[in-house]
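User: Please walk me through this model one topic at a time, beginning with the backbone.

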Amino acid sequence: MRIMQSSYSPRYILGRIALYGAAILLALWTLAPLYLVALAAFSTRQATFQWPKPLLPTDFSTDTMQFFMNTRGVLDSVGNSVIVALVTIAGSLLLGAPGGYALARFRFRGKEAISLGLLISKMFPTAILAIPLAVVFLQIDLYDTIWGVALVHIAMALPFVIIVTAGIFVGVPRDLEEAAQTLGCNRVQAFVRVVMPLALPGLVAAAIFTFVISWNEVFAATILTLRNRTLPAQVLTALNDSPLYYRYAGGFFMIVPALIFIFLIRKYLLNLWGNISR
Amino acid sequence: MRSKLESLLPYSLLAPTLLFVTLLIVIPIFQAFLLAFQSADGSFTLAHFQKMAADTSFGDALKFTFLLLIFIVPLQVVLALMMALLIHTRFKGHTFFLYIYAIPLAISDLAAGIAWLAIFTERGYLNSILNQLGILEKPFLFLSYQNLPAMFGTIVIAESWRATAIVMTILLAGLQLIPRDYFEAADVFGANTLKRTLFVVLPLLRPSLQNALIIRTIFAFQTFSVVFALAGRVIPVMAGESYNWYVTNRNPGVAAAYAVLILIFTVAATWFYFKFLKTSAAEAGYD
């Protein structure tokens with residue numbers, strides 16, 4: 001226990017004020033850009049050039065967002081982004097979860113080497129994967145397809161997914177699995193009936209984490225496509241020759257899923273982003 | 001007891017992953033080196049690297065990549081440490097603040113760059129605020145090549161804003177591994193909050209700090225779209241040059257040379273941190 005302090009001592013009250021003051025300041029620092037880009041995205045297009053700008057939503061309008069969504073290529077790129085992200089989730093979980101299970105449950109030769117290899121493969125710069133793959137994809141007709149992008153995203157997400165799923169499976173008691181086996185389940189049944197339900201929330205969180213990796217990835221998606229852009233690739237390549245309001249709307253649109261997903265997996269934040277980075 | 005089949009199970013569970021990683025990570029890295037060091041007829045060449053180094057943007061790209069690293073990483077660590085230590089006190093409402101601080105985790109550097117563009121652009125929100133406060137008559141051009149330091153500063157702010165959240169989760173996860181006894185012992189010996197943080201918490205947090213530093217340094221070498229969003233090509237960076245050589249100049253050789261250079265810096269930085277911030281297993285013994 002902390003040394004007891006009277007709840008109403010001036011020192012205690014000052015400490016609380018400082019604590020909440022700092023917490024609120026840091027929260028404002030985090031929220032201000034989000035609020036302002038939302039404000040810009042929900043103003044009229046003319047308001048982009050207004051000077052000085054109001055800081056309150058005095059002329060709320062969906063004009064800018066409608067313009068963005070109706071711009072050629074945007075809706076398609078949103079669809080592409082969603083498909084790529086879903087394929088990345090499915091692919092990286094189907095490939096990675098069994099690997100994570102193996103690392104969590106078995107002792108075998110080469111385990112250390114594999115763990116180390118996975119750790120290292122998280123470090124490789126996107127450029128060193130994307131550029132040679134673009135050259136190869138041109139030869140095998142995967143260039144400018146969303147499947148090519150999805151393959152690279154799976155490769156990028158896979159090391160994370162294995163490490164995260166290994167952590168999840170370690171958390172499922174082995175005894176339960178063995179009990180199921182003594183009660184007549186075979187190994188697969190024990191996994192499906194006992195391990196999966198217990199691991200499910202963590203796996204969903206890992207899936208959302210994978211979605212975020214894919215939804216946000218810019219470099220490979222831009223290098224590997226020409227017309228079949230994902231949303232970040234579409235916005236990035238339009239940066240230089242698009243009006244400011246287009247960029248604001250695009251930025252805001254890319255941020256929205258982030259807000260939702262962080263909220264959904266808030267309980268798993270530290271396990272996902274905190275521990276996998278160790 | 002274990003059958004032969006059983007002992008093969010972990011390998012077969014890992015096999016698809018290993019195959020995929022080989023095809024999409026290991027082989028491409030070899031190919032990147034081939035692209036960077038091979039001439040059209042297949043012989044060894046340094047021509048791509050010479051072309052890269054002879055380009056006028058090369059020196060600036062190196063300079064700005066390292067400058068961004070030097071400014072951004074310490075700023076992120078300080079901000080993240082403040083957030084993590086605050087949350088770790090578990091004051092009433094700390095989960096709400098944790099959620100807010102964590103939001104930028106899921107925001108891409110492109111989107112972060114655009115959000116700060118709305119603030120720093122000529123008729124943007126910062127100039128509007130400064131005008132309404134009576135500080136500025138006319139907008140200040142934060143994002144003009146005439147004010148390069150200001151432009152650079154906007155990138156530092158935007159990227160720090162975004163990636164602080166990542167560092168915070170790493171540090172907070174590290175803080176939670178420190179047994180409460182250590183904090184209590186410090187209290188018993190009469191340490192105030194500052195002393196406790198400096199002499200008890202920070203040394204114990206070193207493994208997490210080291211990881212955070214490695215990860216942020218590695219990704220700093222890849223900084224790219226946040227720079228594009230705020231500075232266009234006025235401030236070149238290495239990953240951006242790689243992109244330009246591939247997309248604009250249609251030269252995979254030089255693009256791959258940049259990628260190889262980024263990889264070399266990545267490996268060197270990791271080695272550097274392990275060498276000079278080494279934490280022995282005993283030091284991290286609570287881990």
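**Backbone, packing and confidence**

Analyst: B:Arg90 is placed in the loop between α3 and α4 (94-102) of chain B; helices (H or I, at least four residues) and strands (E, at least two) are DSSP runs, numbered from the N terminus. This is a predicted model, in which local features need pLDDT of at least 70, side-chain atom pairs count only at pLDDT 80 or more, and totals for chains, interfaces and linings use all residues. Residues are numbered from 1 along each chain as its sequence is written, while chains are lettered from A and ligands numbered from 1 in the order in which they are written.

User: What is phi of B:Arg90 near?

Analyst: B:Arg90 has a phi near 55°, which is positive although the residue is not glycine.

User: And which peptide bond is cis?

Analyst: The bond joining A:Trp51 to A:Pro52 is cis, and its omega is near -15°. A:Pro52 belongs to the loop between α1 and α2 of chain A. For context, most residues other than glycine have a negative phi, and most peptide bonds are trans.

User: How many helices and strands in chain B?

Analyst: Chain B comprises 13 helices and 0 strands. Its C-alpha trace spans about 80 × 70 × 30 Å along the principal axes.

User: Back to α3(B). At what angle do α3 and α7 of chain B pack?

Analyst: The angle between helix α3 (residues 56-88) and helix α7 (residues 148-177) of chain B is about 45°, and their axes are 7 Å apart. Axes are lines fitted to C-alpha atoms, for helices over the stretch in contact, and angles run from 0 to 180 degrees between N-to-C directions. α3(B) is therefore oblique to α7(B) (under 35 degrees is roughly parallel, over 145 roughly antiparallel, 65 to 115 roughly perpendicular and the rest oblique).

User: Is that crossing left-handed or right-handed?

Analyst: α3(B) crosses α7(B) in a right-handed sense; a crossing is left-handed if the near helix is turned anticlockwise from the far one by less than a right angle, and right-handed if clockwise. The contact of α3(B) with α7(B) has 19 nonpolar, 4 polar and 1 charged residues (Ala, Val, Leu, Ile, Met, Phe, Trp, Tyr, Cys and Pro count as nonpolar, Asp, Glu, Lys and Arg as charged, and the others, Gly among them, as polar).

User: How do α1 and α13 of chain B pack?

Analyst: Helix α1 (residues 4-37) and helix α13 (residues 252-276) of chain B pack at about 120°, their axes 7 Å apart. That angle makes α1(B) oblique to α13(B), and their crossing is left-handed. Among the residues that meet are B:Ala32 and B:Phe33 in α1(B) and B:Pro252 and B:Gly253 in α13(B); residues are in contact if their C-beta atoms, placed from the backbone, lie within 7 Å.

User: Now chain A. Which residues make the contact of α5(A) with α6(A)?

Analyst: The axes of helix α5 (residues 126-139) and helix α6 (residues 146-170) of chain A come within 11 Å and cross at roughly 145°, in a right-handed crossing. α5(A) contributes A:Leu129, A:Ala130, A:Leu133 and A:Phe137, and α6(A) contributes A:Gly148, A:Val152 and A:Ala155. By class, this contact has 6 nonpolar, 1 polar and no charged residues.

User: Into which domains is chain A divided?

Analyst: Chain A has domain 1 (10-65) and domain 2 (73-275), with bounds from an automatic or database domain assignment. The C-alpha centres of domain 1 and domain 2 of chain A lie 32 Å apart, and 9 residues of domain 1 are in contact with 7 residues of domain 2. α1(A) supplies the largest share of the domain 1 side, 5 residues.

User: How many residues does the contact take from chain A and from chain B?

Analyst: Chain A gives 77 residues and chain B gives 81 residues. The chain A side divides into 59 nonpolar, 13 polar and 5 charged.

User: Lastly, where is confidence lowest in chain A?

Analyst: Confidence in chain A is lowest in helix α12 (residues 269-275), at a mean of 65, and highest in helix α9 (residues 219-223), at 95; pLDDT is the predictor's confidence in each residue, from 0 to 100. The mean pLDDT is 89 for chain A and 89 for chain B. Over residues 280-287 of chain B pLDDT stays under 50, and the model has 7 contacts beyond four places in sequence for them. Where pLDDT is low, the predicted coordinates should not be read in detail. The model scores ipTM 0.89 and pTM 0.90.

Notes. Contact = placed C-beta atoms within 7 Å.
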